[in-house]
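Me: I have a protein chain on my screen and would like to learn how its features are read, one at a time. Could you take me through it?

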Amino acid sequence: MHFWTELSNKATFVAVVFTLKLPLSYAQSQSAIQPATEQARGISYIWWSMFWVAVVVFVAVMLLLAWGLWRGKSKKPTQLSYLASRNLVIVAGIAVPLVTVICLVGGSLMLGRSLSASPPDNALEVRITGWMWWWQIEYLDENSNTIATTANELHVPINRPIQIYLESGDVIHSFWVPQLHGKTDLIPGRTNSSWFEVDASGTFRGQCAEFCGLQHALMGFLVVSEPQAEFDVWFANQQAPAQPAENNGVLAGQRVFFEAGCHQCHTIRGTDAAGTAGPDLTHLASRQSIASVTRRNSRAHLGGWVADPNGIKPGAKMPMSQLDAKELSDLLDYLQSLH
């Protein structure tokens, strides 16, 4: 007993320490049985149907096993007649499993048909491109031209269909928000599509669901659903260029941004920064998180990410900075001004 008690205490300690060190990427619920769209509800219904069928089958098998063991121990076990044995095999071994499988497969096929249906005409169109290991999100006009760009945080209005076009810029990824829809792959050289309509305000965590390299597990994103009026305010801000740097601290940080070469990988609309290798930073300060939902968007986390990206996400393509403390502080002032 002492061994198992000690092992249990150690396991509890490790679990607590691990939980305290969890990044933001594990802070939001990712449950397919807490749906927020019609598509996710259909998936949830199928899941629960399979679950309860499995429960019934398990209980029935256990009861039959117990009954057989009890009969086998009796002094005068009764023998089933040939007809009764045959009927039991036909009903329990063939008919019931066949009907169960037909119902489950039929339900799955009907669900697949509804999931692949075309969206309504008034859908908001968004193009999402997967990169190692972040998400580029572009809002499109009626001519499929980009009118707003952000990264790792998809805002959508509630009660309006959202049409998403999914592409990959490097390897195969997979777009998955369990509470909104099933997963859809992003394949290089091909555009896949999906759509959903969120019926409640909230923040839902998504995840790359196809192994894509070292930081696959930390390639997350957020979907923020909000009333149309709130979305319109956010969307108007995202379409605007960055506010000009005005005070001395922000101007100094902007100089650091260009002198350190950040503009070679990042875009800040309204400035000469037009890099495309990394996320668009025009409105970085308006986002909830950084590093693909690995850390909250706070000054401390942002400073840690700029100073040593590989310390947070080993294998990240963003290089370690060579800034001194004053330069880093100025750069953070500038980045945090990008609302």
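This is a predicted model: local features need pLDDT of at least 70, side-chain atom pairs count only at pLDDT 80 or more; totals for chains, interfaces and linings use all residues.

Me: How many helices and strands does the protein chain have, and what is its radius of gyration?

Reply: The secondary structure comes to 8 helices and 12 strands. Along the principal axes, its C-alpha atoms fill a box of roughly 95 × 65 × 35 Å.

Me: What share of the residues counts as buried, and what share of the contacts joins residues at least 24 apart?

Reply: Of the 339 residues, 38% count as buried. If we take the contacts between residues at least 6 apart in sequence, 62% of them join residues at least 24 apart.

Me: Which residues have the most contacts inside the largest nonpolar core?

Reply: That core has 30 residues, and those with the most contacts inside it are Val126, Ile128, Tyr139, Leu154 and Phe175. The elements that give two or more residues to this core include the strands β1 (124-131) and β2 (134-140), as well as the helix α4 (228-239). There is also a second, separate core of 22 residues, which includes Val250, Val306, Leu328 and Leu338.

Me: What describes a pair of aromatic rings?

Reply: Such a pair is described by how far apart the ring centres are and by the angle between the planes. In this structure, a search of the whole model finds 16 aromatic pairs. One of them is formed by Trp47 and Phe51, which are stacked, at 5.4 Å centre to centre and with 5° between the planes. Both residues lie in helix α2 (residues 38-73), 4 residues apart, or about one turn of the helix. Trp47 has 43% relative accessibility, so Trp47 counts as partly exposed, and Phe51, at 32%, likewise counts as partly exposed. Another pair, Phe257 and Phe258, is edge-to-face, with 5.6 Å between the centres and 75° between the planes.

Me: Are Phe257 and Phe258 buried or partly exposed?

Reply: Buried means under 20% relative accessible area. Phe257 has 1% relative accessibility and therefore counts as buried, whereas Phe258, with a relative accessible area of 24%, is partly exposed.

Me: Which residues do ring pairs link into a cluster?

Reply: Ring pairs link Trp47, Trp48, Phe51 and Trp52 into a cluster.

Me: Where does Thr150 lie, and what does its side chain contact?

Reply: Thr150 lies in strand β3 (residues 146-151) and counts as buried because its relative accessibility is 2%. The side chain of Thr150 makes a polar contact, at 3.2 Å, with the side chain of Arg287. Leaving aside residues up to four places away in sequence, Thr150 touches several residues, among them Trp135, Tyr139, Trp234 and Arg287.

How values were computed. Residues are numbered from 1 along each chain as its sequence is written. Side-chain values use heavy atoms; hydrogens and water are left out. A nonpolar core is a set of buried Ala, Val, Leu, Ile, Met, Phe, Trp, Tyr and Cys residues joined through side-chain atoms within 4.5 Å. Buried means under 20% relative accessible area, exposed over 50%, partly exposed in between (1.4 Å probe, protein chains only). Rings of Phe, Tyr and Trp (its six-membered ring) pair if their centres lie within 6.5 Å; planes under 30 degrees apart count as stacked, over 60 as edge-to-face and the rest as tilted. A polar contact is a pair of N or O atoms within 3.5 Å; within protein, one must be able to donate a hydrogen and the other to accept it, and residues adjacent in sequence count only if both atoms are side-chain atoms. Contact means heavy atoms within 4.5 Å.
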